[in-house]
Amino acid sequence: MEIHHMFLYIKSGKNLIGRNFPKMAQKKWISGLLLIILAVIFSIGLTFASVELPGLLNKALYDTVPALGGDSHADESAVMRTELFIGHYHLRLIGYTCFGLMILLIAAGFITGKKGLASAGALLMFLPVFAQFAAVMFFLAGLGVLNVLWMPVLDISFSAGQLGDIVYLPYRLLRSLFLKTGFDVHYLLVYFLIGIGLLLFIIGTYTWFVSRQRKKNMADFWIYRISRHPQYLGWIIWSYGMLLALMRVQYPKRSWGIAASLPWMLSAMIIIGVALLEERKMKKQFGDQYEKYREKTPFLFPLPNFLSKFFAIPCRLLFKKKFPERKGEIVAILSVYILLLVGLSFFYVRSHALPKIPDEVTTAASESRAESYIRTLRLTDNWHFRRHYVGGLEKLGEQAVDPLIKLLDDPDPTFRQIAASVLGKIESPRAVDALIQSLSDKNSNVRWSAASALGKIGSEKAVEPLIQLIRDDSDPVIYVTATALGRIGSEKAVEPLIQSLDQPNSWNQKAVVTALWKIGSEKAVDPLLKISKEDGLDVSVKREVMVAFLKLKSPKTVSALREALNDEDHEVRIYAQEALKKLDTDKQRKRSIDKKYSVKEMQEDFLQFQRHIEETHPFPYEFTGKEDFDRAFDNQYRQITRPLTLREFYNLLAPLKAKIGCGHAHLDYPGEYRRNVQVYKFPLILKFIDNRCYVTKDLNENSSLPLYSEILSINKIDTHQIIEILKEEISADGHNDSFKTSALENCFQYYYANHYGAPEKFQIKYKTKENGNTQRITIPAIPCQAINYSNKVPKDLNIEIWQEKDAAVLTIDSFVYYGEKNKIFFSFVDKAFQKIKQENIHNLIIDLRGNGGGDPFCASYLFSYIEKEPIVYFSEPYGKYEDLSKPIPLAENHYRGNLFIITDGSNFSTTGHFCSLLRYHDVSTFIGQETGGTYTCNAAVRTFDLKNTGIILKLATGTFAAAVSGFSKERGIIPHHTVKPSIEDIKNNRDKVLEYALDLIEKTR
């Protein structure tokens, strides 16, 4: 209306500001103009906040915390330098604190209804996305440090940010439609979204100003007829445009480069939550007036009616209403949507859908999918087309190896390069010989890909051929060759790498330095000291040398490190300072580890140790007669002839403790010594089958050791010898080897470190089924805090019904539900057997694998459901378990069908009692392996500290026995059907024992 009046007066030639202009219209025109100016000022302020403030913030951050010189996670060296950078500036503590404050702001906003607090939390959550945008678009690398706001998430997984990737789906669908017409709509979409988002924000703000100027309590006109929250919608669209902008640009140096979809998704969801809080306030304030407005105006974005109803489904299901109104309802709905989006993103990111073979590629019946993909690659030289099928070959894994090996002989070097690259990603040992041949290819790109692939596979066989390539005439080939030799970690490569330190190219020189510290040879210290003093040494090489000094931890480097504290480069100074700290810490740690105790001190502790065993344990000579035990004590005592370290003394005592034949007897280091000695741990999870050792998991993310390899030696000690020595030190009931094997599998890191110490790297000799030749690799240890003492993966409590087999599988991972937690266990058991009865199941499998015992009240409660008649649990009353020496009444939903028990060597203590009762009363059929415990065990543990060394001794003081007879104390419960999984079963994720139990049920039906 105001603009219409303006044109009328212009047309009539009257002075718009003169006396003839109607006073009311003049006031409206002036106020409208002022509001437009205010909106423009606001938009200028927003632009300033978007462009100038990041520059100011970048400078402030860079001056305080100078950014890293390189992509933070480009390779292993970059990861190492990033960790040093984080530690130096205490960024982990800052990050965790900021993350906690951010969550508190959001929570406080929702609890108090103050949307400003929640909005502030959402904006903080969005900062990492904005930091990426600013770093990329404006080269403000210092803003990369804002990613510390997500430090708790990044510590879980650096790729956790991808758990919002489902938000890219609309963009990708739209872009794919345009691509069919030959037009890439990416940049047009980015500019459109950022522009329309800002425009909506400004128009929404202007409309809100107008509503206030008109003294309207509620804005419900202009843009507010299209969206109830245009400013929030504008912010979401604008920020989504920024998110898409990150997809097409190379992250610059000094950027953390984290995936930004999850931060954006969460901040957008919080903004939506803020809008819902605002609606709640408006509904309270304006009642039916706002309700009518809400019914006819979309929440954020105008959507077809069917889509609006679809998005409202969770709210209708949970609360029987269209909109959440209470704070708890808003939080619940947001949580549901976040979980749904994260779940969808998880499957979206990890989708293994293989690309479709084009119609123009005819496939023969005998042709494999890999061969079809390779023929498809030949259709065009367009890389964007080819990359989908290259990815498909990678996903095919071992199926693609043979066709790819054949492709290494292709006349076209592009296809030879693709073959080598994909074989490296598959990491198949079968490709090693063919890739070694490719190292002599005439094309440097093929040599580059072959060397890289061999480094990823990690075969010792490739070391000598790679050494020959370290003087290649192509700089990229030299770089990747040095990197590959560092990955493999062979000592053979040390001298050739040292001789290659004179590389004229700084990138190659840096790669050689990295390879040397990764191998970790002391031989590299002097050559690295020499080049560190060279004039004109490139700063990137100098930084890497400082990292090498930190990793090699040689006292020889102290002088060079102190000199580097005055270097003009801030990163060199940081790494030198951290290296000196590490050397000082390691010096103190080594002093603690190497401390020796006098003969007199150890003799006193030894006699104290012997006295405690003889006087405290109820049956110290039950499995090793007193005469033999005394002889063993005397033999070990006579070996104390010189000062020994704590570990050496521990190794004298541990076998004696094991001779008691009591699984509850325990020996451990004092806490301070343990913290010093176990800074690092063995990084492999092992499986012991028929006294052979296999690796089932590698805790090092970048290790080249193939899974399911047989480990032949660790640090030059044969694994058979390691197994024998460690088993001699493990306490088990009687002479139960099944328990000792299980204990080794569950806690190998613990037992290995106790006896052999905790080195920072391990030389592993191994062989694979595919390649029977012995191979060697050096792998780093992992920090103690990175893993638990136990490798056991809890399965918890679970009931699964197999209706087609008329069977149920009841998983009981533990009986450790003491005190009030009894109720949790009892409730689960009640519901499980109620379900079994309702489903009319006649065959029950109870899977006890991994169950190391716990509260007898839990075991006896489960027993009440499966015993044939009331049976006594304990042979005599034991304190608070006195009632278990009386017959246990049958449970209400008592099970009367066929019962099968799956056991293994972990079954100990209470689980041993439970199994012995079942076996004694012939209640069930046992399948699996011998249990680790039997009908009796010693418990009620008491702790003693040895006077001088502080070594901790734990001994049982009483005995608990199930009400059975005729069983041996020396062995566990032997199953009716012994079933042992092979390494192939484990590799193929096949549960051979459960399959056997189900087959047995099928045969008895």
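Within the sheet, which residue of β20 is the bridge partner of Thr 943?

Author: The bridge partner of Thr 943 in β20 is Lys 954. The model is predicted, so local features are reported only where pLDDT is at least 70 and side-chain atom pairs only at pLDDT 80 or more, while totals for chains, interfaces and linings take in all residues. Residues are numbered from 1 along each chain as its sequence is written, and side-chain values rest on heavy atoms, with hydrogens and water left out.

The sheet to which this pair belongs is open and has three strands, in the order β3-β20-β19, with antiparallel pairing. Strands here are DSSP runs of E with at least two residues, and helices are runs of H or I with at least four, both numbered from the N terminus. Two strands count as paired if DSSP finds at least two bridges between them. In general, the strands of a sheet pair through backbone hydrogen bonds, in either a parallel or an antiparallel way.

The edges of the sheet are β3 (666-668) and β19 (936-945), each of which pairs on one side only. From one strand to the next, the twist averages 20 degrees; such angles run from 0 to 180 degrees between N-to-C directions, with axes as lines fitted to C-alpha atoms, for helices over the stretch in contact.

On the β19 side, nine bridges link that strand to β20 (residues 952-961), and the two run antiparallel. Besides the pair asked about, Cys 937 has Phe 960 as its bridge partner in β20. These two strands form a hairpin with six residues between them, and Gly 950 in the turn has a positive phi of about 80 degrees.

On the β3 side, three bridges join that strand to β20, again in antiparallel fashion. His 666 has Lys 954 of β20 as its bridge partner.

A word on confidence follows. The protein chain has a mean pLDDT of 84, with 85% of its residues at 70 or more; pLDDT is the predictor's confidence in each residue, on a scale from 0 to 100. Residues 1-21 have pLDDT below 50, and this stretch makes 17 contacts in the model beyond near neighbours in sequence. For residues 136-142 the pLDDT is likewise below 50, with 23 such contacts. A contact means heavy atoms within 4.5 Å.
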